[in-house]
Amino acid sequence: TLSLHDALPISTRADDPEARYLTRKTYRLQAQQFAMGLIKAGLKPGDRVMVMSPNNLYIPVAIMGVIMAQGIYTCANPAFRARELAYQLGDTTPKFVLVAPECFEIAKEGAALQGIPKESLYLFDPSVAPSDIGVKEPRSPQHWEVIFESPTLAASFAWPELNTPKNTLATILLIYSSGTTGLPKGVEISHFQVVSSCRDRKSVV
């Protein structure tokens, strides 16, 4: 039985809030599914996963799933041209790239410029919820749900405890500057920095 705390929506799609939303429980489970799937697909600690997409309901699932899998989440501006994306792809060398439908052609061009195989690109389509998938059917391009582990197996997935300085100082986010005064530069952000920032914001509020 779900508590009211776990059952209430914490994030919704503005255009369809009644049907498309995440609760604490579904957010956590989908992140576990993505994390476990990434590891089974070959993600190693410290590997990068890039998302090129406008904000959508499943961005938090992608971020938390990458962190749970001990990867590093990075994102690319969805307004990038192919050469701009190619630079960031070359700098981050991501193992998986999740791309919004409207960005996919540019992503293919940018990946080709860096010699990144098209098999590393996954369609990150917010109109398709991971819970809608059921049987994973072959698609072209492949949708990011093919990475997901089943809910039954993923529910028991546990990520490492942050119980050592090395763990807390591990990089989990790689965020790039706008590049207005030169080439964009990546900024590494650790578990410790994210938690510290959250605590600061909470104290201000």
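This is a chat about the fold of one protein chain and a few of its residues.

User: Hey, what kind of model is this, and how many helices and strands does the protein chain have?
Analyst: It's a predicted model. The protein chain has eight helices and eight strands.

User: OK, and how much of the protein chain counts as buried?
Analyst: Of its 205 residues, 39% count as buried. The accessible surface of the chain is about 11,800 Å², and carbon and sulfur atoms make up 56% of that.

User: What share of the contacts comes from residues 24 or more positions apart?
Analyst: If you take the contacts with a separation of 6 or more, 63% are between residues 24 or more positions apart.

User: Let's do the sheet. What's the strand order?
Analyst: Six strands form an open sheet, in the order β6-β5-β3-β4-β7-β8, and the pairing is mixed.

User: Which strands stand at the edges, and why do they have a side left without a neighbour?
Analyst: Those are β6 (121-123) and β8 (186-190). Each has a single partner strand, so one side of each has no neighbour in the sheet. Going from one strand to the next, the twist averages 25°.

User: How do β4 and β7 run, parallel or antiparallel?
Analyst: Parallel: two bridges join β4 (residues 72-76) to β7 (residues 171-176). For instance, Tyr 73 has Leu 173 in β7 as its bridge partner.

User: Which strands does helix α3 touch?
Analyst: Helix α3 (residues 59-68) packs on the sheet and touches β3 (48-52), β4, β5 (96-99) and β7. The directions of α3 and β4 make an angle of about 145°.

User: And where does α5 pack?
Analyst: On the sheet as well: α5 (residues 104-113) touches β3, β5 and β6. Its direction makes about 175° with that of β6.

User: Now α4. Which of its residues are buried?
Analyst: In α4 (residues 82-92), the buried ones include Ala 82, Leu 85, Ala 86, Gln 88, Leu 89 and Thr 92.

User: What covers them?
Analyst: The cover for the buried residues of α4 includes β3, β4, β5, α5 and β7.

User: What does the chain do just after α4?
Analyst: Thr 93 comes there, and it takes a positive phi of about 45°.

User: Switching to Glu 188. Where is it, and what does it touch?
Analyst: Glu 188 sits in strand β8. Skipping residues up to four places away in sequence, Glu 188 touches Thr 171, Leu 173, Leu 174 and Gln 193.

User: Which side chain has a polar contact with the one of Glu 188?
Analyst: That's Thr 171, and the contact is 2.8 Å.

User: Why does Met 64 count as partly exposed?
Analyst: Because its relative accessibility is 29%, and partly exposed covers the range between under 20% (buried) and over 50% (exposed).

User: Last one: how many disulfides are there in the whole structure?
Analyst: A search finds zero. As for cysteines, Cys 75 is partly exposed, with a relative accessible area of 29%. Cys 198 also counts as partly exposed, at 48% relative accessibility.

Conventions
Residues numbered from 1 in each chain as written. Predicted model: local features only at pLDDT ≥ 70, side-chain atom pairs only at ≥ 80, totals over all residues. Heavy atoms only, no water. Helix = DSSP H or I, 4+ residues; strand = E, 2+ residues; numbered from the N terminus. Buried < 20%, exposed > 50% of the residue type's maximum accessible area, 1.4 Å probe, protein only. Contact = heavy atoms within 4.5 Å. Areas by Shrake-Rupley, 256 points an atom, 1.4 Å probe, with all protein chains shown as cover. Pairing = 2+ DSSP bridges. Axes fitted to C-alpha atoms, helices over the stretch in contact; angles between N-to-C directions. Polar contact = N/O pair within 3.5 Å; in protein donor to acceptor, adjacent residues only side chain to side chain. Disulfide = S-S within 2.5 Å.
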